[in-house]
Amino acid sequence: AAPPSTTRAEMGLPDLPPLEGDLGFPIDDGLPPFAPGTASAARAASASPPEISTGKERSIVSPPRSPSMPNVGGGYVPGDTAYAQLATLADKMAVESYSRAHAKVVGKSSSNALGSRARVHRAGTVGAMIEDMLTHEAKKPVPAALLPLGTDAIAKSIKMAPAVLRLATDLSIPDVELCNTLSKLVKETTKRNELRDELFLITLRHTRCNDDPKSLVRAWQVLHLPCAS
């Protein structure tokens, strides 16, 4: 007869932690289970053994926030990399004409200059200017197009911007007026792709740094319009 087994406690040894699977780590290769003796089992037997887990990857640790991508005042403030990427869009945006129109509206003081809301060392850069062009403001929009457009299209863009601003911020607009305004925007923008792109950017800026939750939801709803057209 076999001698009785001795437990680890009787031997004065600590208990081992419970094993997960046969090798001490979870075995989950994403494949369906297979029965012994089948072709699947034979392939599994000949396959290389899985890499044994050290357990380090199980800990979920949020990476530290990059110092160049801070979150200031509850609003997103892009870092140097984001501004550099925005600057690559300079040839696609009407930065110069928008900047001139902006200066006429707010004055030429440095505190009101386009892009001055960025950090000091980024203020005045092309990336900072484009950032301002695509950021929500509740006041009357600058009378200028965001994209390089023809004269006729610029005039239509200047008319569209206040209409989109009202749609995004005035939640008391009657449903009839809301539908009529949206219908007009659709008719104007489906005829010309450049106006559809312009409407997309005009609406997009009201989804960025908009501190009014209800207005923000409305802006996203209106943004669906150029995306679906």
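How many of the eight residues of helix 4 are buried, and with which residue does the side chain of Glu131 meet in a salt bridge?

Modeller: This is a predicted model, in which local features need pLDDT of at least 70 and side-chain atom pairs count only at pLDDT 80 or more, while totals for chains, interfaces and linings use all residues. Residues are numbered from 1 along each chain as its sequence is written, and side-chain values use heavy atoms, with hydrogens and water left out.

The setting comes first. The protein chain contains eight helices and two strands (DSSP runs numbered from the N terminus, with helices being H or I of at least four residues and strands E of at least two). Along the sequence, their order is α-β-β-α-α-α-α-α-α-α. Of the 229 residues in the protein chain, 29% are buried (buried means under 20% relative accessible area, exposed over 50% and partly exposed in between, with a 1.4 Å probe and protein chains only). The protein chain exposes about 15300 Å², of which carbon and sulfur atoms supply 59% (accessible areas come from the Shrake-Rupley method with a 1.4 Å probe, and for residues only the protein chains shown count as cover). Among the contacts in the protein chain with a separation of 6 or more, 64% are between residues 24 or more positions apart (contact means heavy atoms within 4.5 Å).

Helix 4 itself is mostly covered, for seven of its eight residues are buried. These are Gly127, Ala128, Met129, Ile130, Glu131, Asp132 and Met133.

If residues up to four places away in sequence are not counted, Met133 touches Met93, Ala94, Val95, Tyr98, Leu114, Leu146 and Arg205.

Glu131 shows another kind of link. Side chains of opposite charge can pair when their charged atoms come close. The side chain of Glu131 meets that of Arg208 in a salt bridge, at 3.2 Å from N to O (a salt bridge is a side-chain nitrogen of Lys or Arg within 4 Å of a carboxyl oxygen of Asp or Glu). Because Glu131 lies in helix 4 and Arg208 in the loop between helix 7 and helix 8, the pair ties together parts that are 77 residues apart in sequence. Glu131 is buried, with a relative accessible area of 8%.

Arg166 pairs with Glu177, their closest N and O atoms being 2.2 Å apart. This pair links Arg166 in helix 5 with Glu177 in helix 6, 11 residues apart. Arg166 is partly exposed at 35% relative accessible area, and Glu177 is partly exposed at 30%. Glu194 and Arg192 meet through their side chains at 2.5 Å, N to O, and salt bridges that share partners join Asp152, Arg192 and Glu194 into one network.

The structure holds two cavities of 30 Å³ or more (a cavity is a set of points on a 1 Å grid over the protein atoms alone where a 1.4 Å probe fits but cannot get out, and lining residues have an atom within 4 Å of a point). The largest cavity has a volume of about 110 Å³ (the space filled by probe spheres set on the points, which are joined across faces, edges and corners). Its lining includes Tyr98, Asp132, Met133, Thr135, His136, Arg205 and His206.

Ala138 is found in the loop between helix 4 and helix 5 and counts as exposed, at 60% relative accessibility. The C-alpha atoms of Ala138 and Leu165 are 7.4 Å apart, although 27 residues separate the two along the chain.

Terms used. 1 Å grid on protein atoms, 1.4 Å probe; cavity = no way out; pocket = protein on both sides within 12 Å on 5 of 7 lines; lining within 4 Å.
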